[in-house]
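Here is a protein chain to read alongside some questions. Each answer works through a step or two before it ends on what was asked.

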Amino acid sequence: SGFNSIGHMDTMLRRRHHIGHYKEGEEFIQNVFHVLFQLFPGKEKSNLSVCWLQYEIFKVVQCLQTKKKKKLKAQGKKSKKLAKNLLKAPDNRNHLSLWKLYAYLEWLLGNIDDARKVFDTALCTAGTGGLKSPQLCSLSLLYAQLEVELLESLEGAAMSRAVHILTKLAENGPYVPYSGQVLPVNILKARKTYEHALQDHLSKMPVSDQVGAANQLVNLVGCYALFQYLTVGIDAAVFIYAQTSEKLEAPGLEKCEKTGENCGVQNFPTALEAVTVLHTNLLRFHMKISVYPLNPLREALTEALKRYPSNQSLWRSYIHIQRKSHCASKARRFFDGVTRSTNSLEPWLFAIQAEQMRKKLTEKVQRAGVGEIHSTIPETGLTNRIVALFEHAVQSENGTHCPLLWRMYLNFLV
């Protein structure tokens, strides 16, 4: 019934209903996957399975965000059925990325014990690659991160399930499910193993397979920093992120020019960006469960955003911390500086979103106790500022061709 039924717009609210996936659009996408499945051989088919399951997880996350329990239950049932069917395929049985996504799906649906069983099964069958296996590192990192999010404080964190997972990964032996204790001697050995593995990785950066090496480095740094966070503290984890970033930023060009070698480190901007995201996420989590100053996180985010102005995850974190601040001028100056120095559209979109949140908050305070009656003194300053931001954004080269931006502008004016 028309092309617009396939697209969906997260940013818009239509009356009270959050716009989700339309039935016709859903059928179309499912048909595409079914048709493609018959065309691809082994490895490509497995990669397509991963894409399909990621798409299903995205729909579950959307249901969680809109807090529709009925819809979540139905969607969860469908997604789990698909995940099980995909894992039954002979090529996918030992595909760790698929197992990881299936376990994550169970976790999102609130089936923590089932998710743990899936993670444990995957780790037991994955063999003994240890820190040298990228998929094993990635799987262990997600499992440990999810377990850490369940912690209410750092007391006794060294004996937690997350530490057990990360210790077993470093031991390089067969995985044994958590039984309730982690021996201090094993923690010490694991720390040494992580330290040596990271040093080796940073000193022997391969020039060839750079995408694989970058992913492996990010997973290794994530596991090591999380391990240090749980066993030593936040400062130890931040030190590892700082050390890695320093190495990845190192201007080894002079040496390369003299020796004629191709220095691999310069070619790892994606790894540096991913490490920065891990760093800021850990700081945000730490602030949630204990008392910690805001400044380190703010500094890390502003530095990172100057370098990666199109990273949405970093912008979300930045807006989140700025909402707590009552002084808007610093954030406005920062947004202004970034929009001038880049062609990316993300800084404009997030600057607009930040002002709209501020407007919502102001109106909420003005209407407190009066219900839905509009305040006698309207807040025109913010409205004018938002309109000005839209005007500047749609005049930029990328903004002119961005349907989302125009729709947001029309929506705001209405």
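Helices here are DSSP runs of H or I with at least four residues, numbered from the N terminus. The model is predicted.

Q: In which loop is Lys67 found?
A: Lys67 is not a glycine, yet its phi is positive, at about 60 degrees. Its place in the chain is the loop between helix 2 (42-66) and helix 3 (69-88).

Q: Is Lys67 buried or exposed?
A: A residue counts as exposed when its relative accessible area is over 50%. Lys67 has a relative accessible area of 72%, so Lys67 is exposed.

Q: How does Asn172 count: buried, partly exposed or exposed?
A: Asn172 also has a positive phi, of about 70 degrees, although it is not a glycine. Asn172 is found in the loop between helix 7 and helix 8 (184-203). Buried means under 20% and exposed means over 50%. The relative accessible area of Asn172 is 38%, so Asn172 is partly exposed.

Q: How many helices and strands does the protein chain have?
A: Counting the secondary structure of the protein chain gives 19 helices and two strands.

Q: What share of the residues in the protein chain is buried?
A: The protein chain has 414 residues. Its accessible surface comes to about 23,500 Å², and 56% of that belongs to carbon and sulfur atoms. Buried residues make up 44%.

Q: How many disulfides are there?
A: A disulfide is a covalent bond between the sulfur atoms of two cysteines. To be counted, the two sulfur atoms must lie within 2.5 Å. For Cys137, the closest cysteine sulfur is in Cys223 at 4.9 Å, so the pair is too far apart for a bond. The count of disulfides comes to zero.

Q: Is Cys137 buried or exposed?
A: The cut-off for buried is under 20% relative accessible area. Cys137 has 0% relative accessibility, so Cys137 counts as buried.

Q: Which residues does Gln216 touch, leaving out those up to four places away in sequence?
A: Gln216 is found in helix 9 (residues 210-231). With a relative accessible area of 6%, Gln216 is buried. The residues touched by Gln216 are Leu131, Lys132, Ser133, Pro134, Cys137 and His201.

Q: Which helix gives the most residues to the lining of the largest cavity?
A: The structure holds two cavities of 30 Å³ or more. In the largest cavity there is about 100 Å³ of space. Its lining has 14 residues, and the closest to the centre are Leu136, Lys168, Leu169, Gly173 and Tyr175. Helix 6 (134-149) and helix 7 (161-171) each supply at least two residues of this lining, and the most, three residues, come from helix 7.

Q: How do the residues lining the largest cavity divide into nonpolar, polar and charged?
A: Gly counts as polar in this sorting. The lining of the largest cavity divides into six nonpolar, seven polar and one charged.

Q: Which helix supplies the largest share of the lining of the second largest cavity?
A: The second largest cavity has about 60 Å³ of space. Its lining residues include Gln322, Phe335 and Arg358, and they divide into five nonpolar, one polar and three charged. The largest share, four residues, comes from helix 16.

Note on methods
Residues are numbered from 1 along each chain as its sequence is written. This is a predicted model: local features need pLDDT of at least 70, side-chain atom pairs count only at pLDDT 80 or more; totals for chains, interfaces and linings use all residues. Side-chain values use heavy atoms; hydrogens and water are left out. Buried means under 20% relative accessible area, exposed over 50%, partly exposed in between (1.4 Å probe, protein chains only). On a 1 Å grid over the protein atoms alone, a cavity is a set of points where a 1.4 Å probe fits but cannot get out, and a pocket is an open set with protein on both sides within 12 Å along at least five of seven lines; lining residues have an atom within 4 Å of a point. Grid points are joined across faces, edges and corners, and a volume is the space filled by probe spheres set on the points. Accessible areas come from the Shrake-Rupley method with a 1.4 Å probe; for residues, only the protein chains shown count as cover. Contact means heavy atoms within 4.5 Å.
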